[in-house]
Amino acid sequence: MLGDLVAYYEQLAREQSSHMPLIGWSSTRVSYVAQISEDGMLLALVPLADRSAMERIVPERVKRSVNIAANFLCDNSSYILGLDQKGNRNRTEQCYAAARDLHRELLVGVESPCARAIVRYFENDRPEEHSSVVFNVNDNVFAGGNIIFYVKVGGILLDPLQDEAIKGAWMHRLNSVRTESPMRCLVTGEVAPIARLHPPIKGVYGAQSSGASLVSFNARAFESYGHEGEQGRNAPVSEYAAKAYAMALNYLLADPRHHMRLGDMTVVYWSERGDAENSQTFSFAMGGALFIDADAKDDADDVVDATMKAIACGAYRDLDGVDLDATFHVLGLSPSAARLVVKFHYKDSFGKMLKNLATHYRRSDIVHGPNERAYLTPYQLLKDVEHPKAKKPVVVPIL
């Protein structure tokens with residue numbers, strides 16, 4: 001399964017239209033832009049109009065809970081501005097110092113106006129002077145929102161995240177840092193540095209909002225002999241493979257066209273060829289369109305009906321763009337505290353998957369009124385067996 005997800009990451013990375021971040025980069029929400037001059041002075045802090053929709057590809061984020069660790073080019077007010085309103089001035093100073101050290105380490109000597117301006121910004125080392133600019137912003141900049149830099153050069157705003165010299169400095173750092181001695185990767189078969197901790201998976205229904213682990217070891221009972229306390233080395237997966245499968249799975253879980261909820265389980269699906277068309281057709285056939293857009297219920301019923309009639313009649317060619325011979329994957333995930341449970345992983349030709357769905361609908365067909373839905377989708381069937389008087393309706397997992 002992990003190997004299939006790595007292959008899917010590589011498939012998306014080859015497709016220009018997928019917007020899949022490369023290894024070492026991630027997609028995150030950004031709330032503010034800190035505009036600085038060539039001399040490194042903070043000119044303005046600009047809140048983005050629609051912060052919930054402002055996703056940017058930024059350098060890969062560090063894992064932190066209570067520890068102090070800076071992110072490159074994108075972080076919160078404590079790290080980027082050296083300011084907060086939590087009353088812990090000593091910690092804020094440490095956060096700002098960590099950001100200063102990281103940016104100096106990566107950008108000193110980089111031949112770029114943006115790089116030089118950011119270095120000068122941190123070398124000014126007077127975060128208290130940022131207050132007059134920050135407090136003119138009519139918004140709560142201290143709520144943890146991410147801030148990125150823009151550099152004003154000759155009246156033009158430049159984006160450091162698009163600066164090739166800065167991106168090269170970041171990739172050089174990634175390629176030079178190796179935290180673990182190499183072992184044979186169980187996913188790729190290559191001898192490579194092993195991931196001690198795997199990236200979090202976000203978007204599984206019922207799991208922690210900060211993400212849950214697909215591979216992890218946190219107790220002696222789960223560890224292999226001779227690998228006590230070595231966490232990820234108990235099931236060696238290379239740093240590349242761990243990042244690739246996590247990026248692919250997070251991409252699928254962030255896209256409503258590639259997953260749906262069934263009871264306590266999140267079902268994720270993708271195709272090795274014709275991914276967009278096959279996944280959309282599968283979603284319609286499963287009734288996914290019925291709850292992706294509640295306002296389009298009637299249209300969705302028509303789409304499900306047309307899809308299933310085409311399958312029942314063997315008129316697969318009427319389904320635009322589908323690749324019946326492509327290998328299709330369906331993965332079921334459920335939450336378990338800070339971890340994920342793999343309920344199943346099916347893969348077969350897409351044509352075989354559609355035939356199985358058509359058989360299911362034929363066997364579950366019952367007499368219904370003219371205004372009722374033609375097909376009882378899995379989502380609807382499970383909703384109908386929830387306890388109607390329960391405060392929080394729950395479907396028995398075995399169903």
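Student: What share of the contacts with a separation of 6 or more comes from residues 24 or more positions apart?

Tutor: In this predicted model, residues 24 or more positions apart account for 65% of those contacts. The protein has 12 helices and 13 strands, and buried residues make up 45% of its 399 residues.

Student: Let's take one residue, then. Why is His 329 called buried?

Tutor: Buried means under 20% relative accessible area. His 329 has 0% relative accessibility, so it counts as buried. You will find His 329 in strand E12, residues 327–336.

Student: What makes the pairing of His 329 with Glu 272 a polar contact?

Tutor: The cut-off for a pair of N or O atoms is 3.5 Å, and the side chains of His 329 and Glu 272 make their polar contact at 2.8 Å. Glu 272 is also one of the residues that His 329 touches, along with others including Asp 4, Trp 270 and His 345.

Student: How many of them are nonpolar, polar or charged?

Tutor: The contact of H3 with H6 has six nonpolar residues, no polar ones and two charged ones. Leu, Ile, Ala and Trp count as nonpolar, and Glu and Arg as charged.

Note on methods:
Residues are numbered from 1 along each chain as its sequence is written. This is a predicted model: local features need pLDDT of at least 70, side-chain atom pairs count only at pLDDT 80 or more; totals for chains, interfaces and linings use all residues. Side-chain values use heavy atoms; hydrogens and water are left out. Helices (H or I, at least four residues) and strands (E, at least two) are DSSP runs, numbered from the N terminus. Buried means under 20% relative accessible area, exposed over 50%, partly exposed in between (1.4 Å probe, protein chains only). Contact means heavy atoms within 4.5 Å. A polar contact is a pair of N or O atoms within 3.5 Å; within protein, one must be able to donate a hydrogen and the other to accept it, and residues adjacent in sequence count only if both atoms are side-chain atoms. Lists of a residue's contacts leave out its neighbours within four places in sequence.
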